[in-house]
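Here are some notes to read alongside the sequence and the 3D view. Please take the points in order and find each residue as it comes up.

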Amino acid sequence: MFTKYIFFFLSVLALYSAVMVLVSKKPIHSVLFLTLAFFAIAGHYVLLNAQFLAVVHVIVYAGAIMVLFLFTVMLLNLNADERSPKPAWVNFIAFVAGCMLMLTLVGVFRGYDIRVAQDPSLSQIGLVKNLGRILYHDYLVPFELSSVLFLTAMVGAVLLGKKEQL
Amino acid sequence: MPVLLYKTALASLILIMSLLVAMYSTLIERKVAGWFQDRHGPNRAGPWGLLQPMADGIKLFFKEEFMPDTADKFLYILGPSLTMLIACLTSAVIPWGPDLVIGGKTYALQVADINIGILYIFAIVSIGVYGIMIGGWASNNKYSLLGAVRASSQMISYELAMSLSIITIVMMTGSLSMRDIVDQQQGFNWNIFYQPLGFLIFLICAFAETNRSPFDLPECETELVGGYHTEYSSMKLGFYLFAEYINMFISGAVMATLFLGGYHFPGLDKLGLSPNIFAFVSFMVFFAKITFFGFIFMWIRWTLPRFRYDQLMKLGWKSLIPLAILNVVITGIVILVNH
C-alpha cells in the first residue's frame with residue numbers, strides 16, 4: 001500500500017524531470033533535472049528490491065557522468081540566449097523522428113505481455129550476493145570481456161586527450 | 001509500527017547528535033588552534049567559552065541576507081541546502097553500537113542495515129560535489145566558479161583512491177554491510193592492523209573529501225577570496241561551514257567503523273555488563289574513537305601548510321591511486337594464499 005504511493009511519486013518525479021530536461025531554457029537546469037530523473041529511477045530500483053543496482057546507478061550516473069556534464073556546462077558557460085536558433089526544417093525532422101520513436105515504443109509495449117515474476121527466488125535476484133554469483137558463474141566470460149572493453153575505452157580516451165603527437 | 005517509530009526516533013536522535021557535535025566542533029577547533037598557537041581561544045561567552053557556538057549561530061542568523069543580483073536565485077539557495085542534506089545522509093548506515101534490549105525485544109542501534117552499506121557511502125560521497133558546484137556556479141562570480149571547480153575536481157580525484165582503499169576491507173570481510181564489517185573486528189582484531197596502507201590512503205582522502213587543510217584549496221583566501229562561498233552570507237554561509245564539520249564527524253565515524261573496530265574494544269565483552277549498559281559503554285567507546293579522529297583533523301589543520309594545486313593532483317593521481325591498486329593486488333594475493 002505504502003510502496004504504491006512511493007511508486008506513483010517516483011514515476012511522476014521521473015516523468016516531470018525528464019520533460020523538464022527538454023523544456024528548460026538553461027543547459028545547467030537541464031543537467032540538474034536529468035540528475036533528478038536518475039535519482040527517481042534509482043528509487044524505482046529500490047522498490048524492485050535491487051538495492052545494488054540502485055546504488056551503482058547513483059554512483060555511476062549521478063556521481064560520475066552527470067558531474068562531468070555539469071563541469072563541462074559550467075566551464076563553457078552555455079546560456080540560452082547564446083545558442084543560435086535552429087532552422088525550421090531541423091525542428092520538423094526532429095518532430096517526425098520523435099513521433100516514429102513514439103510509435104515504435106507504443107507498438108512494442110502493446111504486443112508485450114506484462115507478467116509478474118512467479119518464481120519467488122527471482123525477487124531476490126537484485127541482492128548483491130545473487131547478482132555476483134550470476135555474474136561470476138554463469139556470465140563470467142562476457143563480464144570479463146566487457147571489462148576489457150571498458151579498459152580499451154579508457155585508454156582510448158586518454159590517448160585522444162593527449163595534445164602532443166605520439 | 002513500533003519498529004518504524006523506533007527507527008524515526010533513532011534517525012532524529014542521530015541527526016540531533018551530528019548537529020550538536022558539529023556545533024561544538026567549531027568551538028573545539030578554535031580551542032585547539034588557541035592551544036597550538038599558545039593562546040586562550042574563545043573564552044568570553046559563558047564559562048570556558050561554552051556558549052560561543054550559540055553566539056556564532058545567533059550571529060549568522062541575524063546577519064544581512066545578501067543575494068547577488070545576477071545569481072540564479074533557486075540554485076543559489078539549493079547549493080547550501082543540498083550540501084547540508086548530503087552531509088546528514090551518510091549517518092544512516094553507520095552502526096552506532098550493539099543491540100539494545102527493551103522489554104525483551106532487541107533494537108539495533110543502526111538506522112538501516114542494508115546489505116550494501118559501503119556502496120551507499122560511496123554513493124553519498126560521489127554526490128557530495130553537487131552542493132558545492134551548484135552554489136559556486138549560481139553565485140555568478142569568477143572566484144566562486146573557480147573555487148567550485150577546484151573543490152569538485154579535488155573531490156572526484158580523491159574519491160577513486162578512497163573507494164579503492166575500502167575495496168580491500170570488503171575483500172577481507174566478504175561483505176558490503178557495515179554491521180558485518182564491524183562484527184568481524186571483535187576485540188582487538190581491528191582492520192588497521194591488517195590494512196595499514198589502506199587506512200593511510202583513506203585518511204588522506206578523507207581530508208581531501210571534506211576540503212580540510214592541507215587540502216583546503218577551494219577556499220584558498222590568498223587567491224580565491226573565499227572560494228565557492230565567496231558570495232554567501234548569513235545562514236547560507238553557515239550551512240556550508242557547518243556541513244564541513246558534520247562531514248568531519250561522519251568521516252571520523254566511517255573511519256572508526258571500517259578500520260578501528262567500530263564500537264568494539266578489547267576486554268569489553270568480558271566485563272559481564274547487562275545488554276543496555278554494554279550498548280551504552282560500547283557507544284561511548286565508538287564516540288571516543290570518533291573524537292580522536294576529530295582531533296587529528298584539527299591537529300593537521302593547525303600544523304601543516306596547504307598544498308599547491310598541482311601537488312594535490314599529483315599526490316592523488318600519481319601516488320595514492322597506484323598505491324591503492326597495489327594494496328588491492330597484495331591483499332588479493334594474501335587472501336588467495338591463505339585460502
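**Notes on the two chains**

1. Gly107(A) is exposed, because 10 other C-beta atoms lie within 10 Å, and a residue counts as exposed at 12 or fewer. The model is a predicted one. Gly107(A) sits in helix H4 of chain A, which covers residues 88–111. To Val55(A), 52 residues away in sequence, the C-alpha to C-alpha separation is 32 Å.

2. Read from the N terminus, its elements go α-α-α-α-α-α.

3. Helix H1 of chain A takes in residues 2–23, 22 residues in total. H1(A) is hardly covered, as one of its 22 residues is buried.

4. For chain A as a whole, 17% of the 166 residues count as buried. Taking contacts in chain A between residues at least 6 apart in sequence, 55% link residues at least 24 apart.

5. Chain B holds 13 helices and two strands. Its C-alpha trace spans about 60 × 45 × 45 Å along the principal axes. A compact globule of 339 residues would have a radius of gyration near 20 Å; the value for chain B is 21 Å, which agrees.

6. In chain B, 44% of the 339 residues count as buried. Of the chain B contacts with a separation of 6 or more, 79% are between residues 24 or more positions apart.

7. Trp137(B) lies in helix H5 of chain B. Is Trp137(B) buried or exposed? Trp137(B) is buried, because 25 other C-beta atoms lie within 10 Å, and the cut-off for a buried residue is 20 or more. Leaving out residues up to four places away in sequence, Trp137(B) touches Ile28(A) and Met74(A) in chain A, and Leu145(B) and Ala148(B) in chain B. Between Trp137(B) and Gly79(B), 58 residues apart along the chain, the C-alpha atoms are separated by 9.2 Å.

8. The largest nonpolar core has 107 residues. Which of its residues touch the most other members? They are Val55(A) and Cys205(B). Helix H11 of chain B, residues 234–259, supplies the largest share of this core, with 15 residues.

9. With residues up to four places away in sequence not counted, Cys205(B) touches Tyr158(B), Ala161(B), Met162(B), Ser165(B) and Leu320(B). Val55(A), named with Cys205(B) for the core, is the residue that lies 32 Å from Gly107(A), C-alpha to C-alpha.

Key. Residues are numbered from 1 along each chain as its sequence is written. Chains are lettered from A and ligands numbered from 1 in the order in which they are written. This is a predicted model: local features need pLDDT of at least 70, side-chain atom pairs count only at pLDDT 80 or more; totals for chains, interfaces and linings use all residues. Helices (H or I, at least four residues) and strands (E, at least two) are DSSP runs, numbered from the N terminus. The expected span of a helix is 1.5 Å times one less than its number of residues. The radius of gyration is taken over C-alpha atoms; the globule rule is 2.2 Å times the number of residues to the power 0.38. Two residues are in contact if their C-beta atoms, placed from the backbone, lie within 7 Å. A nonpolar core is a set of buried Ala, Val, Leu, Ile, Met, Phe, Trp, Tyr and Cys residues joined through C-beta atoms within 7 Å.
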